[in-house]
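Hello,

Here is the structure I promised to pass on. My notes follow below it.

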Amino acid sequence: MTNGAMDDTCSESNKPEIKRVLTRFKSDTGEILSGGLLDLPLDVTVDKLQLICNALLQSEHPIPLAFYIDDVQVVGTLEENLDGNFSTSENVVEIVYQPQAVFKVRAVTRCTASMEGHREAVVSVAFSPNGKHLASGSGDTTVRFWDIHTQTPHYTCTGHKHWVLCLVWSPCGTKLASACKNGTILLWDPETGKQIGKPMLGHKMWITALSWEPFHSNPTCRFLVSASKDCDLRIWDTVLGQTSRVLAGHTKSVTCVRWGGTGLIYSGSQDRTIKVWRASDGILCRTLEGHAHWVNTLALNVDYVLRTGPFEIKAENSNDDPVERAKSRYEAVGDEKLVSGSDDFTLFLWYPAKEKKPIGRMTGHQQLINDVKFSPDGRLIASASFDKSIKLWDSKTGKYISSLRGHVQAVYSIAWSADSRLLVSSSADSTLKVWNMKNKGLDQDLPGHADEVYAVDWSPDGLRVASGGKDKVLKLWQN
């Protein structure tokens with residue numbers, strides 16, 4: 001053998017052996033991906049995992065995926081995400097894959113409009129399901145629709161006699177419901193600014209929350225449920241303008257309500273309980289107990305798909321039946337989960353349609369919890385508190401992930417971007433802040449309001465954020 005050949009042989013033998021590991025892909029809903037066990041090098045990257053998983057999925061159009069090992073997202077190589085004690089020869093690594101939004105929402109960075117007109121504090125702001133319309137409710141008793149393109153007032157809607165406390169768009173996007181401190185509910189047409197039908201009267205005290213029947217259950221969006229300080233909930237026939245059913249059972253003010261996708265209504269109350277009602281006949285199915293103080297806020301893991309109904313942003317199959325589209329989007333999320341936040345500084349995670357016992361109790365906040373939201377992909381929960389922080393939790397287990405700190409006063413409201421990559425928060429410190437889920441850190445600081453910011457919403461198309469508060473000004477923020 002020549003010296004050259006020997007050198008080649010030695011150099012080959014000196015090359016470090018690439019460690020490998022047996023793996024398999026599993027969907028975030030638990031199905032094992034066909035293809036069996038895969039023998040992968042430990043230095044395989046996320047980009048390579050994308051290619052491999054999309055090939056096994058036989059996707060006609062490759063979709064962006066996120067990968068997780070033991071609930072921790074893979075961001076570098078497999079080796080970086082495995083415990084040092086992991087034995088590559090004996091164990092099989094399960095890599096959970098989750099489809100991501102096809103489009104990426106860019107963080108809002110600047111105020112593009114300060115829209116004046118309200119004469120009292122702006123209490124609520126809400127974009128329509130397709131993101132084309134924006135509405136606000138104020139202490140000046142009016143509801144306003146705004147032109148998001150010219151960034152000017154569109155219509156001023158008068159009819160309430162007291163503070164407008166809550167707004168909610170119908171999932172079809174053609175109606176806005178508003179409720180006030182007098183206990184009156186009104187419907188509005190965003191195209192004309194005119195009132196639809198007659199005022200809905202019946203509550204004896206102010207209304208705290210509204211929720212529409214889901215689009216896939218009733219595409220005419222006829223029925224609406226309201227919660228009130230008078231301890232009752234009412235289901236309204238909005239066509240007839242009258243109460244269809246009264247849900248009585250809470251012993252103190254009802255603070256929040258959600259109409260789920262399987263015909264159940266969930267209500268939280270100052271009586272410390274959450275009640276589960278059957279919408280079809282008003283029967284009380286179960287009472288969820290555990291909180292030691294008022295229940296302030298509720299969220300469902302299906303809130304985003306119920307809010308946007310048939311309006312799936314960037315959907316490829318835009319010509320299929322809208323009811324079927326809304327239904328398939330809802331069913332793709334899986335079992336309904338509910339999270340509740342309370343004055344007792346804790347949150348509880350529930351399977352409310354099935355069990356009385358919570359999945360988990362989530363502790364860590366030092367003051368009352370004011371707002372809680374599931375990310376649109378259902379994977380994360382964000383909670384906002386008067387302790388000036390936002391906390392992130394795993395939606396499967398309720399396990400604590402991290403705290404987002406930066407506000408110097410109470411955090412009032414939070415809203416997710418449609419792709420679940422960003423979160424915006426509003427605070428008593430007069431600022432908004434945008435948080436990035438990749439590094440769990442601050443992305444943008446958005447000063448500009450002159451006083452406390454009560455309400456914030458991120459449009460479902462991802463293009464803009466709206467905020468309103470004590471300074472009576474509505475602000476639009478864009479990239």
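**Cores and aromatic pairs**

Setting aside neighbours within four places in sequence, Phe67 is in contact (heavy atoms within 4.5 Å) with Phe25, Val46, Leu49, Gln50, Cys53, Val72, Gln73, Val74, Ile95, Val96 and Tyr97. Apart from the core described next lies another one, of 17 residues, including Val108 and Leu432. The largest nonpolar core has 19 residues, and Phe25, Leu49, Phe67, Leu78 and Ile95 have the most contacts inside it. Such a core is a set of buried Ala, Val, Leu, Ile, Met, Phe, Trp, Tyr and Cys residues joined through side-chain atoms within 4.5 Å.

Please note that this is a predicted model: local features need pLDDT of at least 70, side-chain atom pairs count only at pLDDT 80 or more, and totals for chains, interfaces and linings use all residues. Residues are numbered from 1 along each chain as its sequence is written, and side-chain values use heavy atoms, leaving out hydrogens and water.

The whole structure holds six aromatic pairs (ring centres of Phe, Tyr or Trp, the latter by its six-membered ring, within 6.5 Å; planes under 30 degrees apart are stacked, over 60 edge-to-face, the rest tilted). Trp393 and Tyr400 are edge-to-face, 5.7 Å centre to centre with 75° between the planes. Trp393 is buried at 2% relative accessible area, while Tyr400 is partly exposed at 41% (buried is under 20%, exposed over 50%, partly exposed in between, with a 1.4 Å probe and protein chains only).

Ring pairs also link Phe386, Tyr412 and Tyr454 into a cluster.

Best wishes
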